[in-house]
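Colleague: Could you walk me through this model? I would like to learn what the labels mean.

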Amino acid sequence: MAEVSLKNVSKAFGKIVAVDDISMTIEDGAFVVLLGPTGAGKTTTLRLISGLEKLDSGSVFIGGRDVGNETPAQRDVAMVFQQYSLYPHLTVRDNLAFPLRSPILKTPEDVIAEKIQKIAEVLQIPHKLDNKATELSGGEMQRVSIGRALVRDPSIYLMDEPLSSLDAKLRADLRVELKRIHADLGSTLLYVTHDQIEAMTMATHVGVLEEGRLVQYGTPKDIYENPSSVYVASRLGLPRINILPSELFPGNHKAPQIGLRPENIKQGDGIDAKVMRAEHLGDQTRLHLEVAGHPVTTLTDPHQDYIPETTIKISPLNPLYFDASGARVV
Amino acid sequence: MSSFSVTEPTNRTKWFAGTLVIAYALITMIPLVWIGLTGFKSPADAISYPPKYVIGSDSEAGFQPTLEGYVNLFTTRTRQTQDYLDANPPENWADEIVRQYDMVIVGPSKFGERFMNSVIIGFGSTFLSVFLGTLAAYAFSRFKIPLADDLLFFILSTRMMPPIAVAIPIFLMYRQLGLSDTHLGMILLYTAVNISLAVWLLKSFIDGIPTEYEEAALIDGYTRFQAFYKVVLPQAATGIASTAIFCLIFAWNEYAFAVLLTTANAQTAPPFIPTIIGIGGLDWPAIAAGVTLFLLPVMIFTILLRKHLLRGITFGAVRK
């Protein structure tokens, strides 16, 4: 395990700038989640660290070593691909053994067998070990591809949306499992996702990417509570943060826009809000309101009924302020 | 099944299609069966009219099978005086067969040698074409090569003119280089002709193999070449097998260059077989025997690789 750091890393494909001057340090033992929509440069960042793409400019350091001229094998990184990329001509067992048998690791066969058995149990696939990789379901393939990374003990694990094609239950199980593996082994992980639950539950640090730039880097709590812009604030939190003109509410108008997390809207007094509909999710109720033509979503007591078209009173609690361009005003 | 299905053909359609395919197969098989039968006829039966086609029957259309054709194919014989024949009884069954024409076997014919030449040149050039073709196709498929499209077109353009158009320049060139009538010369020539086919066929196969597999192997600690060898090659096996069959069929059957460039040393079977001349006319059973044996290697090779070939011919149509 090692510290990995990026210094002014850039990469363009033709005219499209995929990664734009990113600098960050992934500390030894950190679980860093890169968050951002499709096309923000998450996957390219992983590929630059792994060595599958060449840097246009900047440098990548793994354990203090500049790896700019090293092959992926020399960098000693493990990667989980979004498209699984299991070797179709091999069995599950041989897929898992493939990195261990590489000329770099040359693991003895008895150690390989032991490691595979262990990882197969963690991923709940011991009965599939002798299947061809092509005879698995999508979820099983994804688990094998995670396993193929986890059998190794690399400088860093790079994971590109590894849980995206699993069903909800398995995804929750594996989230816990990955977190446990991270805690047990003290591994360094860089994890790409657009699923904010994965980011919030697993990450020690979150990096938010916007069009190839790293716009904020910090702990999940910090990013959630102190987003640097509307863009960052919208990446975390479900339902999404409400961005409203600040003159809707009386009082402090230090910036043109305010951001209100759904849980930061108090009911009882304040301004009028029309009830549009209520979504009962069991443990919580999402209440969709309309304030002077602006949709507002808030969370509310699951046991209370709301009648559409009635009016309630709401007021902001700990609002975040943003200027016209979306930057945070403190 | 009473319900109508869009994807399942009805029984009547299946029967009709099956009958059609079998009928077509039988018609195309007639020349092959005829060659096979002729190899076991006596010279008289081979050219008799109406033709004879029932083995071991005494009827009008029947003939008694004999190994005469095969004996004539593999031996050289000479006519002897009755005194000599009386003094030297036949030594074996083959000798016995030729005795009916007052002849004795004096040694082996050139056929075995020519057949081996065909094997060496055919399989040698196939191996070389597929080996070089795979490497070139991989490079064209995976790396950024300047002018890649022009180069590919150039490679293909070598197939655009009829081989006979370059026969004389090649004949002169080969004489200067000392490659005339050598195995190496013929292997190089057939490889040069086949490699364009090999590169184009294999490139389309390798294009169909996602690059993610190699990337995964690179990350898993393998070099580019090891990734090619361990991950790409096994998946390209289908394409390699079908390309090898196409290359072998060409090299095996090639006649024009072989008749022009080879004589005593490296002559292959195709120019040799028609030169088998019997006493008082062409020895049809011997020629048929030669053709039958000549067909076998390609047939065996194709049968061995047919599992791959079936998938290979439909490439592009059945990608998961």
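Colleague: How many residues of chain B are in contact with chain A?

Modeller: There are 14 in chain B, and they are in contact with 20 residues of chain A. Two residues are in contact if their C-beta atoms, placed from the backbone, lie within 7 Å. Please keep in mind that this is a predicted model, where local features need pLDDT of at least 70, side-chain atom pairs count only at pLDDT 80 or more, and totals for chains, interfaces and linings use all residues. Residues are numbered from 1 along each chain as its sequence is written, while chains are lettered from A and ligands numbered from 1 in the order in which they are written.

Colleague: What makes α6(B) oblique to α12(B)?

Modeller: Helix α6 (residues 111-142) of chain B and helix α12 (residues 237-253) of chain B pack at about 140°, with axes 9 Å apart. Axes are lines fitted to C-alpha atoms, for helices over the stretch in contact, and angles run from 0 to 180 degrees between N-to-C directions. Under 35 degrees is roughly parallel, over 145 roughly antiparallel, 65 to 115 roughly perpendicular, and the rest oblique. The angle therefore makes α6(B) oblique to α12(B). Residues in this contact include G122(B) of α6(B) and A244(B) of α12(B). They divide into nine nonpolar, eight polar and no charged.

Colleague: Why is chain B called more spread out than a compact globule?

Modeller: Chain B has 16 helices and six strands. Its radius of gyration is 26 Å, well over the 20 Å that the globule rule gives for 320 residues, so chain B is more spread out than a compact globule. The radius is taken over C-alpha atoms, and the rule is 2.2 Å times the number of residues to the power 0.38. The C-alpha atoms of chain B fill a box of roughly 85 × 75 × 40 Å along the principal axes.

Terms used
Helices (H or I, at least four residues) and strands (E, at least two) are DSSP runs, numbered from the N terminus. Ala, Val, Leu, Ile, Met, Phe, Trp, Tyr, Cys and Pro count as nonpolar, Asp, Glu, Lys and Arg as charged, and the others, Gly among them, as polar.
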